[in-house]
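Thanks for asking me to look this over. My notes follow as numbered points, to be read with the model open beside you.

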Amino acid sequence: MTRDLIHRWFAPVAIAILLLVPLTTNSYIQFIINQVIVYVIIAIGLNLLLGYAGQFAFAHAAMMGIGAYTAALLMHRLGVTFWIAVPAGGFAAAAIGSLGALPAMRMKRVYLALMTLAIAELIQWVLVHWKVVTLGTDGVKIPHEKFLWFTLASDYHKFYLILAAMAVLYVVARRLVESKFGRSLVAIRENEIVAQCNGISIAHTKAAVFAVSAFYAGIGGALFALVLGHIVPDGFGLFQLVVHFSIVVIGGLISMFGSVIGAVLLTTLPELLRGVRALQELIYGVLLMVFIIFMPGGIAGFAKQRGWLPDEILVRGWRALQARLKREGGS
Amino acid sequence: MEIPLLLTASGLANGALYALVALGLVLVYKTQDVVQFGHGEVLMIGAFIGYSLLNYLGLPYPAAMLAAVLACGIMGFVLERIAFRPIAYHHHITLAMVTVGLSFALKGIARIPFGADIYTFPRLFPDTPTIVWGKLIVTPQHLVTIGVALALTIGLFVFFRSTTMGKQMRATQQNLTGASIIGINTGLIFSGTWALACAIGAVAGVLAAPDALLYPDMGARFLLKGFAAAVLGGFESVPGAIVGGLLIGLIDNFAGFYIDTAFQEISAYCIIILVLFVWPYGLFGRRPTHRV
């Protein structure tokens, strides 16, 4: 009973505490916290694709790049307000992401990974070399926009924007995985043939999950651009992807809360090793290996085993059903 | 007539390198179902070991290269044993993810002592000028590359056809359960295959380094070319990897000359995307059958 209570009140209380965070931070810490929240959004998107649907795709960092560049270029070149530019980044990534799903429909195993790796590298190459549009390696600066009292120059103001986006996207993702769609994803991950026999359209479901995951990456990328204020193509390469993989795997695959833990841990970690690229690579790489080999469920999986975290339930009402069965079985 | 001839010669030399990279990828994939995303870094580590032995220990060139290849072979053997054997029967995504981690760990390890600098790797015959054969002009380095790749290919052919270990490897690739039932030590075969693949990767590394320069990020380019070669060859076929590699080298050179030099940078991505869309099982691959 208390566990249910904690489970129910956890999110509202957490958000209330988060709302008060800017009162206690300086600008630098606020900047890092903003990054953490952006990475939560991105990790949730990757978790849907990699954890729930079991699609091993390499394009998440590139989708983040598409979102970031769409938003940044709209704002920088056309003076579009971020209220439009950020969602536009998400939708642009979703459109390209669902195109990337085309190969996934007929390809299995190794080929999907290779295909998406090639697409991701190609996108990065375009970002670097299509200088007329993307400004090449100079990168794009985000203008400091004002909207009533709200200004993009302040890390504190940005925090509330990003937090609101994260809260909405988190809830949407929770709902998605608990819906029929979420169960179809798991069915496809476990066995495509069985899923097909149960009337799940593999093509539609895969296209949808690629699009949703890319949308999260795109929104995350656009907000990432707002947080940093200046983006370069190099920021969306393979290293970025390994950061995403590490967050999702170390936090825990198939757990929304795991993505949050992973983002908090792995975004603050490089701040401690600031500037030392070699150490960052070494630590991310080794952590990724160690966790997959020895703790494949990640931190969230470990916590679930110990009973510190509730098992995530893919079927809504499952708990009530269990309770009823228990009562009826007992009587 | 001269230009196509020259393009063919250097294309074959580059292609031989890509074929060696693809060979390492295909061997590991066939045996353990692992896509080795860290193979480019194995190549880089091999080249750096060779460079260090040559420059800091002053070993003679062939000895240094041989030692680098051996060291990478041992590294592959040990890596398989500690990192991949415990999860050998897990989902292929899990295994591939470990290789992604491996790739970055190796890059970090190389970057700690060598930093962000770019090193020039000495050639085997630094003083010999280009060899002119009628209308054909070849650099000695290219000739060495083609020669070594050819010798290695023949050696591997003999190894897989006529030695017990080679036959056991093929048996394990074809049917893991069957192989272990008839008493093949499949664990040893796994480690042996990794050792072989990493050693071949190191050979490619020390051959590529004089022309490609030496830096911790050098592996990515070769990995993608190797993937392109392997995909073209069907990803499950050793002859396919070799033919695919040579074809990629030739396509690169000809398209780079006649279409645009930028094509050489993106050819690997384009070929992977094109082949997978149009002809997903490559030149030598077979369409898999689904069993319910």
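1. Confidence first, since this is a predicted model. The mean pLDDT of chain B is 88, and 98% of its residues score at least 70. For the complex, the predictor reports an ipTM of 0.86 and a pTM of 0.88.

2. Now the overall build of chain B. Its secondary structure amounts to eleven helices and two strands, and the order from the N terminus is α-α-α-α-β-β-α-α-α-α-α-α-α. The radius of gyration is 19 Å, close to the 19 Å that the globule rule gives for 292 residues, so chain B is as compact as a globular protein of that length. Its C-alpha trace spans about 55 × 45 × 35 Å along the principal axes.

3. A word on how chain B is packed. Of its 292 residues, 48% count as buried. Among the contacts in chain B with a separation of 6 or more, 76% join residues 24 or more positions apart.

4. Please turn next to where the chains meet. Here 36 residues of chain B are in contact with 32 residues of chain A. On the chain B side, the elements giving two or more residues are α4 (92–114), α9 (219–233) and α11 (262–278). The largest share, 17 residues, comes from α4(B). By type, this side of chain B divides into 27 nonpolar, six polar and three charged residues.

5. Helix α5 of chain A, residues 110–129, deserves a look too. This helix has 20 residues and reaches 29 Å from its first C-alpha to its last, close to the 28 Å expected at 1.5 Å a residue. Of those 20 residues, 15 are buried, so α5(A) is largely enclosed by the rest of the structure.

6. What about the largest nonpolar core? It has 206 residues, and those with the most contacts inside it are Leu114(A), Leu223(A), Ala19(B), Leu20(B) and Ile272(B). Helix α8 of chain B (residues 186–212) gives the most to this core, with 16 residues.

7. Two backbone angles are worth checking. In general, most residues other than glycine have a negative phi. Leu213(B), not a glycine, has a positive phi of about 65 degrees, and Phe235(B) likewise has a positive phi, near 65 degrees. Leu213(B) is found in the loop between α8 and α9 of chain B, while Phe235(B) lies in the loop between α9 and α10 (238–258).

8. Are these two residues buried or exposed? Leu213(B) has 13 other C-beta atoms within 10 Å, so it is partly exposed. Phe235(B) has 27 other C-beta atoms within 10 Å and is therefore buried.

9. Last, Gly244(B), which sits in helix α10 of chain B. Gly244(B) counts as buried because it has 32 C-beta neighbours inside 10 Å. Leaving aside neighbours within four places in sequence, its contacts are Ala22(B), Ala229(B), Ala230(B), Leu232(B), Gly233(B) and Leu283(B). Gly244(B) and Leu283(B) are 39 residues apart in sequence, yet 8.1 Å apart in space, C-alpha to C-alpha.

Conventions:
Residues are numbered from 1 along each chain as its sequence is written. Chains are lettered from A and ligands numbered from 1 in the order in which they are written. This is a predicted model: local features need pLDDT of at least 70, side-chain atom pairs count only at pLDDT 80 or more; totals for chains, interfaces and linings use all residues. pLDDT is the predictor's confidence in each residue, from 0 to 100. Two residues are in contact if their C-beta atoms, placed from the backbone, lie within 7 Å. Helices (H or I, at least four residues) and strands (E, at least two) are DSSP runs, numbered from the N terminus. Ala, Val, Leu, Ile, Met, Phe, Trp, Tyr, Cys and Pro count as nonpolar, Asp, Glu, Lys and Arg as charged, and the others, Gly among them, as polar. The expected span of a helix is 1.5 Å times one less than its number of residues. A residue is buried if 20 or more other C-beta atoms lie within 10 Å of its own, exposed if 12 or fewer, and partly exposed in between; C-beta atoms are placed from the backbone. A nonpolar core is a set of buried Ala, Val, Leu, Ile, Met, Phe, Trp, Tyr and Cys residues joined through C-beta atoms within 7 Å. The radius of gyration is taken over C-alpha atoms; the globule rule is 2.2 Å times the number of residues to the power 0.38.
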